[in-house]
Amino acid sequence: MSVPTTSRTALVTGASAGIGAAFARHLAAQGNNVVLVARREDRLVALAEELRRGYGVTATVIAADLNDNAGPRSIVDQCTSQGIDIDILINNAGFSGNGAFADTPFEDLAREIQVMVTAVTELAHLVIPGMKERRYGRIVNLSSLAALLPPAASLLYTPIKSYVLNLSQALDMELKPHGVNVTALCPGFTHSEFHDVMGTRDAASTKLPGILWQSAEDVVREGWDAVEAGKAVCVPGTVNKLTAAGAKPIPTRLGYVLGRTFNPFKN
Ligand SMILES: NC(=O)c1ccc[n+]([C@@H]2O[C@H](COP(=O)([O-])OP(=O)(O)OC[C@H]3O[C@@H](n4cnc5c(N)ncnc54)[C@H](OP(=O)(O)O)[C@@H]3O)[C@@H](O)[C@H]2O)c1
């Protein structure tokens, strides 16, 4: 069991799987209390129990659907009513659709926007005043390597993650003087349930070489170190860093052609 240094409280969305669960474990291992948010309550309850037993921290479960536009306020209200101040926000819950834009019902597209744009923005807006007042805050917003690469046909995911990347930098500029660091974490392919939910597990397993993949734990370790170090953007892993750097000088027109040609999940 690790010895707590300063006991802070971290709200982690999407804590029932993948990168979110890894963030919860990493932060609890450092002695932080956690508030675990996702829809699958049974998984959150099991994780909370594991973290209480393993690290002696307080672990609170809030089962919530971030697709509900009352979700973010309700989550923060529940924290406030239990006397919980949020010092760390891991805005992680997310998924990607996998259909052509024109053929996807708008309510499915709207779900992506609600969970990964509106809820992300609203949760930050709700917790930032308290962070500023206490002159301490850490916010990690899950963007994606995709936001630094040429856009891919069809997917709304890349535009959404580009918003998250841009928002994080803008917030970091505004808030750093108040003791609040904001980081856009931009992972590449990461082992989690993401591709099962997206329905691209077969393509992901067969078309993509192992060197492109990272564990959720490695992504989290690098992402947390980055926000502590005050870096506004973090691309975890050497291969992802090289990929992002290599994509930078690509002219827009060539990027368009590359995006159209090399999307492994093209439908
Ligand atoms: N894996 C990758 O290759 C990769 C790469 C770049 C970026 N990312 C980003 O990393 C983040 C985490 O993804 P992951 O890879 O860990 O995927 P994952 O294993 O599928 O986990 C996604 C998490 O989001 C939660 N979630 C989804 N919809 C939700 C909703 N409506 N309300 C509340 N929670 C919801 C899920 O919980 P419930 O189903 O229990 O609600 C789950 O805990 C996402 O933002 C993703 O875009 C992933």
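This is a predicted model: local features need pLDDT of at least 70, side-chain atom pairs count only at pLDDT 80 or more; totals for chains, interfaces and linings use all residues.
View 1. At Gly188 a backbone N or O atom is 3.5 Å from an oxygen atom of the ligand. Taken alone, the ligand exposes 890 Å², of which the protein buries 96% (Shrake-Rupley areas, 1.4 Å probe).

**View 2. The shell around the ligand.** Here 29 residues surround the ligand, the closest being Ser16, Arg39, Asn92, Tyr157 and Ser192 (a heavy atom within 4 Å). Helix H1 (18-29) and H5 each supply at least two residues of this shell (helices are DSSP runs of H or I, at least four residues; strands are runs of E, at least two).

**View 3. The open sheet.** Its 7 strands follow the order S3-S2-S1-S4-S5-S6-S7, with parallel pairing (at least two DSSP bridges between two strands). Strand S3 (59-63) and strand S7 (233-234) stand at the edges with a single partner strand each, so one side of each is left without a neighbour in the sheet. Strand S2 (residues 33-38) pairs with S3 over 5 bridges, and Val34 has Ala59 as its bridge partner in S3.

**Notes.** Residues are numbered from 1 along each chain as its sequence is written, and side-chain values use heavy atoms, with hydrogens and water left out. Local features need pLDDT of at least 70 and side-chain atom pairs count only at pLDDT 80 or more, while totals for chains, interfaces and linings use all residues.

Note on methods. A polar contact is a pair of N or O atoms within 3.5 Å; within protein, one must be able to donate a hydrogen and the other to accept it, and residues adjacent in sequence count only if both atoms are side-chain atoms.
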